[in-house]
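Dear colleague,

I am passing on the structure below, together with notes on what turned up when I went through it. Please read the notes with the coordinates open beside you.

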Amino acid sequence: MPSFVHPGLLWGLGLLAVPVIIHLINLFRHRRVEWAAMEFLLVSQKKSRRWIILKQLLLLLLRMLAVAAVVFIVAQPLLNNQWGALLGGSKTHHIVLWDDSFSMSDHWADTTAFAEAKKVIRRIGSQAAAQGQGRSFSLIRFSRAALPADSKPADLLAVPLDGEFANRLSGVLDNLSVSETAAGPLAAIEAVARLFGAPEGENRVIYLISDFRAAQWQEPAELERRLAEWKPWGAQLHFVDCVSAARDNLAITALRPQPGTLAAGVELFLEVSVKNFGTNLVRELPVRLRQDDSQLPSLVVDQIAPGATETRRFPVNFPTAGQHRVVADLESDPVAIDNFRYAVLDLPLSVPVLIVDGAPQATDARFLALAMAPGGTVRTGIDPVVETPSYLSSKPLDKFQAIYLANIENLDQPAIDALENFARAGGGVAFFLGELSSSRFFNESLYRNGAGVFPLPLGNPLDLLVDRLNKTPDLDVSDHPIFSVFAGERNSFLGTVTVERYFSAARGWKPEADSPARIIARLRNGAPLVVERKFGEGKVVAVLTTAAPVWNNWGPNPSFVITLLELQAYLASPPRTTGDVHMVGVPWKLEVEAAAYQPRVEFRLPAGGPVTTPGAALSGERVTVDGTVSGAVLSATLTDTDVSGIYEAELTGVGGEAESRRLAVNVAAEEGALATVDASQLAASMPDVNFEFHAADSFQWTSRDVAGFSLSSGLLYLLAALLIVEQLLAYSASYHPPAREAAR
Amino acid sequence: MPGSRRFLHPEAVSRISRLELRARHVVEGFLSGMHKSPYFGQSIEFAQHREYAPGDDPRHVDWKVWAKQDRYYVKQFEEETNLRATLLVDVSNSMRYGSGPLNKYEYAATIAVSLAYLALRQQDAVGCVSFDDTIRAKTPLRSKHNHLDAIIRALEQSAPEQKTDLFGILNNVAESYPRRGMIVLVSDLLVERDGLIRGLRLLRQRGHDVLVFHVMDDEELDFPFTGPTRFEGLELPDALNCNPRALREGYLQALGTYLDEVRRACAQHTVDYALIRTSQPLDAVLARYLSNRLGMHHRN
């Protein structure tokens, strides 16, 4: 039995009675004629009676068939069985690719893009289910398709469209809400081929239900390539746009600490960036801030131009060590999810710093340690440890944020290796030279033609000639972060620093354009004084004079303390904080020392969705994960990081003591760009892809979508043939009125 | 003739309700167009002289009177009758049918009275028989002018009814009018064929000159009906629901066969047959009658 696109219209078959009724009405509408020459009429009637009745019956039959054909054409029949398969139709697989990225939470009036998408999916599901057997249905969300291949990618996977389907679909849809991911369509498009392969004997109707944001669809070269791969399948592709217009949206794109020493009790500056994705200027925008459980004064951004990002900084101060939470949020706008930004600051009681002095008196080291930790009420958060060079090779260096080497004469190879490994792994290293330092050792062991940790080849130590007439300060600093604090200061303490002796750079050395080394401060005579370079993940800064006021008078100068604290902040950045870098949907792989903790880890999730507020940050469910031990590392992975917020892992020490770790998970703020592309732009950017573009509210099912072999066109020909035969027969049965002249 | 002929058209004739006036209108209208006087007599007894009028036959000019008085007079003879014309008018139910201004009965009656008028004008004896299955009214043969009234009454009294049975009628007529004369049958001939032919033959055998005016309506001859139609027999009890166009061909064929048969039988028995449509002007009938009358005269 064929099925129908509009089975309700089959009631129209009642119209089959119309020709019969017309016939009966005509019986009553007979013109009455009193006729004299009945004899001849009766003869004629007797002669042709059978033939006339046969023609009349045939005519009635043809007319009823024509009416039936019209009804069937309107109801759009489809052949699904093996005959339909022979004719070209067969099983049909409806595949719905559903954008559930958080831009779909775009809300207007009393609906959201996501809710509109749900309506469309329900419509597709119910109409497909009404088409009967031989059909299946798959539902793939963008966010699920983006997960690793071994996880469940589809909410419905080739589910047969049977009587239970409507309930099943409804059950699935009711439980789904918009995700906080920024998952694009690519993964879902790839998932179709991965999950279902090439269609063999099945028609595919693929619906891509999305908001078609410009960020993802403006230049869809890769998408086009993937979609074009479906061409040989003969699949029908429908784009359903759930958003009627692009609305203005604001998002917090960053919340991170500025460079500085992160330690308990030390004032720290955080910066928060707000981007205006809209097309209108925004004025007087308040940004609410929270530090742990207390509210901070709100920031007010005076104005943000369309498309611009404004960054403001604000101070926080956590008196205790540990992982502290900072949350920034904006007032509600069309997309609420990107109005929140979370950060976790891991503050130690103090930051350990290693100072190695080559001289037994450790004069330089003392100056450095004093500058970093002056003592008294002043808290810098830095905990300097002064050691001899042998410490480098004998003790682990991991716990230090930075290592300062002053007046080094020589280092053994293990110490050099340890130092370079420390730097490569992201640690900061600073060199101060001195009388014990020799250019030969530095050039051969530490510089090694650029392969070593030292940033430049050294020449001989030189005296800076004193020129009484020249009032130029000895120090000429660049706008490097270390010296930025002095920028614009007219009477800087730096101006009073004098340098008498320094190590020159090797003759002819000049940092190449592509070299990692950079001169960040020079002497009055143009000779480099402070040179930095990147080494692996770490930063290395070389100051070509002494730390102690031996070759200069800098040590007692207040600018020395400031410079040193800035240097420390610079060497320690990027700060070892969690936060901005961890995106929604990326699993949290927690690694701790296996020997110290029990393997069971309990994760606490934040409450999801746009209702997330700082106070409810940890109100979500708990997930217990049994960690795996690999060597000395216990790792536990939380895969369920679908909502933004602050996650907490509760660890239990071997002695039973509880300890927690926190992770700030944020959304990809760029998803908040709500500009959309329209059908013509899509068509222009993807000329190789055949698709039909629909607006969600006007999405209409057509017979081509429904699978099976459509009989409509065949019926149309049949109807034409029926009408022609009917006319011929009617003419033959003399039902056509004669020409006027023939009438009389 | 065309100027006067339009007054002979059935539409014009139908406006005159009195049959007598109608007949006079028809005959006078007809005669006014003729160049030759229709009046002629073959009597032996002289009746009177009458001044010559154009159109009189010059043979009847009395040359002796001309010689005496130098005036043209024609001789008129007293003659009871020199022709006996019997008008047989079908007044059966089937004659009620008509699609034009006159139905067949009215047309037939007009023909009959006009012929009677014409005949009486020239001193012929005219009788009239109206019939359906039996003879409904009969007037004897008379040649007096006032006899026309009797004929008209006979026709008017006879509202058409019932089925035609022609042989019986013709037989009866043959018996009733034993002297040879002219028999004019005005009918739609929707009768049993054998009876008709036998009746005509009988009349011929009795020496009558027989003239048949077969009056048919246009619709009967052409069958132009369209659309679902219920035909109810005027004489037969049958009724037929049909699409008339489907039956037209068969009908015309059957009708044609019948007409051929009648025509052939008439020719065979030297019966003068004329198929008249009720839409035709009436002069055709009169012309036919007169030519027949002349022929008969010559035959006599």
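The notes on confidence rest on pLDDT, which is the predictor's confidence in each residue, from 0 to 100. The mean pLDDT of chain B is 78, with 76% of its residues reaching 70 or more. Over residues 35–41 of chain B the pLDDT is below 50, and this stretch has 14 contacts in the model beyond near neighbours in sequence, where two residues are in contact if their C-beta atoms, placed from the backbone, lie within 7 Å. The model as a whole scores ipTM 0.78 and pTM 0.58.

As to conventions, this is a predicted model, in which local features need pLDDT of at least 70 and side-chain atom pairs count only at pLDDT 80 or more, while totals for chains, interfaces and linings use all residues. Residues are numbered from 1 along each chain as its sequence is written, and chains are lettered from A and ligands numbered from 1 in the order in which they are written.

Of its 300 residues, 43% count as buried, a residue being buried if 20 or more other C-beta atoms lie within 10 Å of its own, exposed if 12 or fewer, and partly exposed in between, with C-beta atoms placed from the backbone. Among the contacts in chain B with a separation of 6 or more, 74% join residues 24 or more positions apart.

The contact between the chains takes 30 residues from chain B and 29 residues from chain A. On the chain B side, the elements that give two or more residues are helix H9 (218–222), strand S8 (229–233), strand S9 (239–242) and helix H10 (244–268), and H10(B) gives the most, with eight residues. By class, that side has 15 nonpolar, eight polar and seven charged residues, where Ala, Val, Leu, Ile, Met, Phe, Trp, Tyr, Cys and Pro count as nonpolar, Asp, Glu, Lys and Arg as charged, and the others, Gly among them, as polar.

Strand pairing also links the two chains: strand S2 (residues 31–35) of chain A and S8(B) pair in the parallel sense over five bridges, two strands being paired if DSSP finds at least two bridges between them. Within this pairing, A:Arg32 stands opposite B:Arg230 in S8(B). In the loop between H9 and S8 of chain B lies B:Phe223, which has a positive phi of about 50 degrees although it is not a glycine, and which is buried, with 21 other C-beta atoms within 10 Å.

Sheets in chain A

An open sheet of four strands in chain A has the order S14-S13-S16-S17, with antiparallel pairing. Strand S14 (294–304) and S17 of chain A stand at the edges, each with a single partner strand, so one side of each is left without a neighbour in the sheet. Even so, seven of the eight residues of S17(A) (residues 340–347) are buried, so this strand is largely enclosed by the rest of the structure. Eight bridges join strand S16 (residues 322–329) of chain A to S17(A), with A:Gly322 opposite A:Leu347 and A:His324 opposite A:Leu345.

Strand S27 (residues 538–543) of chain A has six of its six residues buried, so it is likewise largely enclosed by the rest of the structure. Strand S21 (residues 428–432) of chain A runs parallel to S27(A) and is joined to it by four bridges, with A:Val540 as the bridge partner of A:Val429. Strand S26 (residues 528–535) of chain A pairs with S27(A) in the antiparallel sense over six bridges, and A:Val530 stands opposite A:Val543. The hairpin of S26(A) and S27(A) has two residues between the strands, and in it A:Gly536 takes a positive phi near 60 degrees.

With best wishes
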